[in-house]
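Let's take a look at one chain, how its parts meet, and where it touches its partner. Have the viewer open as you read.

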Amino acid sequence: MIGLYFGCTVLLFEGLRNTLEAFFRKAGVTFEPVGIDQCCGIPLLLAGFQKEAGENGKRLVEDISHKGISTLVTSCPHCHRAFSREFPHRFGLSTPFKTLHFTQFAADLIQSGRIRLSKPVDLKLTYHDPCYLGRMGEKIYREPREVLASIPGLKMEEMEHNRDQATCCGGGGLVRAYLPILSSAVAQEKVQCEARPTGVTGVVSSCPFCYFNLKEGAEEVDKGEMEVYDLAELLVRSMEEPRDE
Amino acid sequence: MNNPGRRFTDFKKIIYGAVDDEALRSALRKAVRSFRENRDKALNQFPHVEEQRKILMEKKEEVLTHLDEMIEKFGAAAGRMGIKVHMAETVQQGQKILKEIVGSKKLIVKGKSITSEELGLNDFLKETGNEVFETDLGEFIVQLLGGKPMHLLAPAVNVPRERVAQLFSELAGRELPPDPAKLTRFARDFLREKFFQADIGMSGANAITADTGSIFLIENEGNIRFATNAPPVHIAVVGLEKILPTLADGTMLVEVASRYAGYYTPSYVSIISGPSKTGDIEKVIVWGVHGPREVHVILLDNGRREVARDPMLRQVLSCIRCGACMYECAVYPIVSGYWGHTYMGGIGIPWTALIAGGWEVAAPMAYTCTLCGRCREFCPMEIGTPEIVERLREEMAKRGCLPEYVKEMAQKVLTKGNAY
C-alpha cells in the first residue's frame, strides 16, 4: 500500500494539499494518508532537540509500519530526509517501507506510462533544487528534471548554479522562523542573480519551504514579474482526467 | 545566562539593518562576482591544486590528532633558530605574555590577523599605553572607522570609496578625492613613516612548520613584509591549528589557500625562520642586521586543544581562511560580517561557540545559518559546517539559547504533532 505523507508545511497550505490530492486522483492511485497529525521531527532536529526528534521518529515509524505501508511518498524534502536518512542513520530506526519523494514517485509513474501528460503548459521556467532534496539529502536531481521535461510545452533553463551547487532559497534551517526578512532577502537575491539571468518567467520548486519563501521574495523583485510554481501543480495542469475503467 | 531573548532580538536588529543597507548589498554582489571569476580562473589555471588540497586535508588531520607532539617539534625547531616561542593557554595568558614583551609607550605596526583579535590586541595594547597601526589597507580603514572587519580577506568590503576619502581626508588634514589610487597612495605615504618608526611589528601566520620552525605569511600589499622586517622586534600571534608538519606542507598551503581565495599567486609569501643575523665581521654573530633582532611566536590555545580532541568538531580547526565559504554562502552576501563576532559567517559559528566568544554569543549566529550545506561544496578542506552547526544548536537548546519562536515551534511539534 502507498502511504502519502503530506508533511505539516504542505498541510498548512490548502493549495498545496489540494494539488497533491488532485495528482493522486488524476493518476488513479489510491493512497493511505499518514502522519496527518504527526510532524516528521525535522523542526525538532534543526531547533536543537535531537533526543525528542528521535523519540518522535520512533513513534512515527511504528505507526506507519502498523498500517502496512510498503511505499511512503513524501511531498516535503525535509520529511524525505527524515525517513531516508535521519531515522535509519542517526537514530538507528528500521524503516520497513520504501521512502520516495514525490518527484521520484511521479517520475516512475510517467516512465511506466501510468500517467499521461497531454495538456501543454506553455511556460519557460527554471528549476530550483531544494537543499534537503539535493545536496543535504539524497541528491535527487534527475527525477524532478525528468518530470518537468515530460510536460508538453514546458521549456526549462538551468540556473548558473544547480544541483550540488544550487544556491539556497533562504528559507531553510529554521531561519524563516527567526529572521523571516532575511529569508526573504536571500530569496530576492536568488531571483535576481540566479533566476532572472536565465530569461525565464518563473521558478519551479518541489519543496513547500522553498516554494513559499521564493514566492514571497519574488513578489518584492521587479514588481513580482517572476512567478513561482510548485512542481506538482504544473504536473496536475498537464494531466488528463482519469479514463473511466 | 542573563536574558538570552535579548541577545536574539539585538542580533536580529543588526541583521535587519544589514538587509536594508543597499550600498552594502551592491558592494557584496560585486565582491561575490569578482571572487567567483578569480577563483575559477585560478583553479583552472592550476588544476593540481585539487590534488594538493586533499593532501593538505590529511596533513591537517595528522596535526590535529597529534597536536602536542607537533607543538613540541615546532618549539624545538623554532628555538634552534633563535625564535622565542611562548605558549598561551588562554586570552589572559596571551595578553600577559604580550605585555611582558611589549611593555608600554611603543609604536606598533600590525599585519592583518584574526588570531590577534581573539586577544583583543589593539584595545589591549592601547590600554597598556601603546600606539597601534593596522597596515593592511582594509584593516587600516576599519581601524579609522572604529568598526569591525567584515570579511577575512576584504575587511572593508562594505565601505564605499567616498567614506574612505572622508576618513583619509580627516587624517591628512586636507581634501582627498574618492579615487582608489590616490587614497592608496596616501595610505602608503602615511604608513611608510610608521613602519620605520615602529618599535614592534606584529603579525599572525598562515602556517607555521614543525620541521623548520618557520612562519608563513601570505599577502599582496607588502605591508606584512614591512611590518615584520623594518621594526627591531617581530611578534607573531599564532593559533595552534596553524601548525603543519613540514616546510613543503607550508608551500602547499600557500597554493591551496591563495587559489581558493581567488588569487593566481599572492604577490608576497614571507617565510620567516628566525631573527636577522650576520657573522660577516670576523664571524662574530650579531643579531638584527636589516631585519628584527628578536622574533617571538605566541602560540595561542584558547580552547583549540579541546576542540582537537573531538573528531567531528576538529574539522573546524582545519580552516585555512580562504574565505570561499562566505562568498558562496546564501546569507553572508546579504549581511557580511555583521553575522559574526571575531570570526564570521557559517564557519564563524563553531569558532565563536568554541574558541572566541562563547555559546551565548554564538547562538544567534547559529540560528542565522540556513544549513544549506553549500559552503562545504566550495571548501578546500570539506568542512562539514551544517552538521557541526546542527550539533552546536543541540548544546544551545540545552542552555536555553534559542530564538523564542523556534522554541515555540519545537514545543508545538511535541504537543500538537505539527510545527504550526
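H2(B) runs for 24 residues and spans 35 Å from its first C-alpha to its last, close to the 34 Å expected at 1.5 Å a residue (that is, 1.5 Å times one less than the number of residues). Helices here are DSSP runs of H or I with at least four residues, numbered from the N terminus.

This is a predicted model, where local features need pLDDT of at least 70 and side-chain atom pairs pLDDT 80 or more, while totals for chains, interfaces and linings use all residues. Residues count from 1 along each chain as its sequence is written, with chains lettered from A and ligands numbered from 1 in written order.

Among the buried residues of H2(B) are Leu24(B), Leu28(B), Phe35(B) and Arg39(B) (buried: 20 or more other C-beta atoms within 10 Å of the residue's own, placed from the backbone). The buried set packs against H1, helix H12 (247-260), H14 and H15 of chain B, with contact meaning backbone-placed C-beta atoms within 7 Å.

## Two domains

Chain B splits into domain 1 (4-45 + 323-414) and domain 2 (49-305), with bounds from an automatic or database assignment. Their C-alpha centres sit 26 Å apart. The contact draws 24 residues from domain 1 of chain B and 27 residues from domain 2 of chain B. On the domain 1 side, H2(B) gives the largest share, 11 residues.

Notes
Contact = placed C-beta atoms within 7 Å. Helix = DSSP H or I, 4+ residues; strand = E, 2+ residues; numbered from the N terminus. Buried ≥ 20, exposed ≤ 12 C-beta atoms within 10 Å, placed from the backbone.
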